[in-house]
Amino acid sequence: PLTHSYDILTQVEIDKFRLSDLSIIMKKIARLVRLDFFASEIVLDERNNFYVIDYVNDQPDMRKKSKFSNGVPDKAAEKIIDSIVSFVKQRIK
């Protein structure tokens, strides 16, 4: 929160902090709010408990890190954009 700097997690970080559990939390939030695209702010305390601080940002900041120091890592932004395009293309067919 001090730097507003975002990076892609490594598999070691995902395993170390049980971050795969975030998928379960996000799916529950998505079901409750009925949104396909949103961001959430979730913290991990010193005892490895997750707390959802801001559960729905319905207009996530998609500025790329290559252009804004506090932006989303380019690789992540591009993956999200590709997913949105695929989703829309499937709906159009």
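This is a predicted model: local features need pLDDT of at least 70, side-chain atom pairs count only at pLDDT 80 or more; totals for chains, interfaces and linings use all residues.
**Stop 1: Arg63.** Select Arg63. Its relative accessible area is 30%, so Arg63 is partly exposed. Next, show Asp61. Its side chain forms a salt bridge with that of Arg63, at 2.8 Å from N to O. Asp61 has 39% relative accessibility and therefore counts as partly exposed.

**Stop 2: Asp7 and Lys65.** How many salt bridges does the structure hold? There are four. One of them joins the side chains of Asp7 and Lys65, with N and O 2.9 Å apart. This pair ties together distant parts of the chain, 58 residues apart. Asp7 sits in the segment before α1 (11-16). Lys65 belongs to the loop between β2 (50-57) and α3 (74-92). Colour the two by accessibility. Asp7 is exposed, because its relative accessibility is 59%. Lys65 is partly exposed, at 25%.

**Stop 3: Arg18 and Asp21.** Select this pair next. Arg18 and Asp21 form a salt bridge, and their closest N and O atoms are 3.0 Å apart. Arg18 is partly exposed at 36% relative accessibility. Asp21 is also partly exposed, with a relative accessible area of 26%. Leave both on screen for the next stop.

**Stop 4: Phe50 and the core.** Centre on Phe50. Beyond four places in sequence, Phe50 touches both Arg18 and Asp21. Now select Leu19, Ile25, Ile29 and Phe38 along with Phe50. These five residues make up the largest nonpolar core. In soluble globular proteins, nonpolar side chains tend to be buried together. How many aromatic pairs does the structure hold? The count is zero.

**Stop 5: Ser40.** Move to strand β1 (residues 39-44), where Ser40 is found. Show Tyr55 with its backbone. The Ser40 side chain reaches the backbone oxygen of Tyr55 at 2.5 Å. Which residues does Ser40 contact, leaving aside neighbours within four places in sequence? They are Met26, Ile29, Asp54, Tyr55, Val56 and Asn57. Ile29 is the link back to the previous stop: it contacts Ser40 and is a member of the largest nonpolar core.

Note on methods. Residues are numbered from 1 along each chain as its sequence is written. Side-chain values use heavy atoms; hydrogens and water are left out. Rings of Phe, Tyr and Trp (its six-membered ring) pair if their centres lie within 6.5 Å; planes under 30 degrees apart count as stacked, over 60 as edge-to-face and the rest as tilted. A nonpolar core is a set of buried Ala, Val, Leu, Ile, Met, Phe, Trp, Tyr and Cys residues joined through side-chain atoms within 4.5 Å. Buried means under 20% relative accessible area, exposed over 50%, partly exposed in between (1.4 Å probe, protein chains only). Contact means heavy atoms within 4.5 Å. Helices (H or I, at least four residues) and strands (E, at least two) are DSSP runs, numbered from the N terminus. A polar contact is a pair of N or O atoms within 3.5 Å; within protein, one must be able to donate a hydrogen and the other to accept it, and residues adjacent in sequence count only if both atoms are side-chain atoms.
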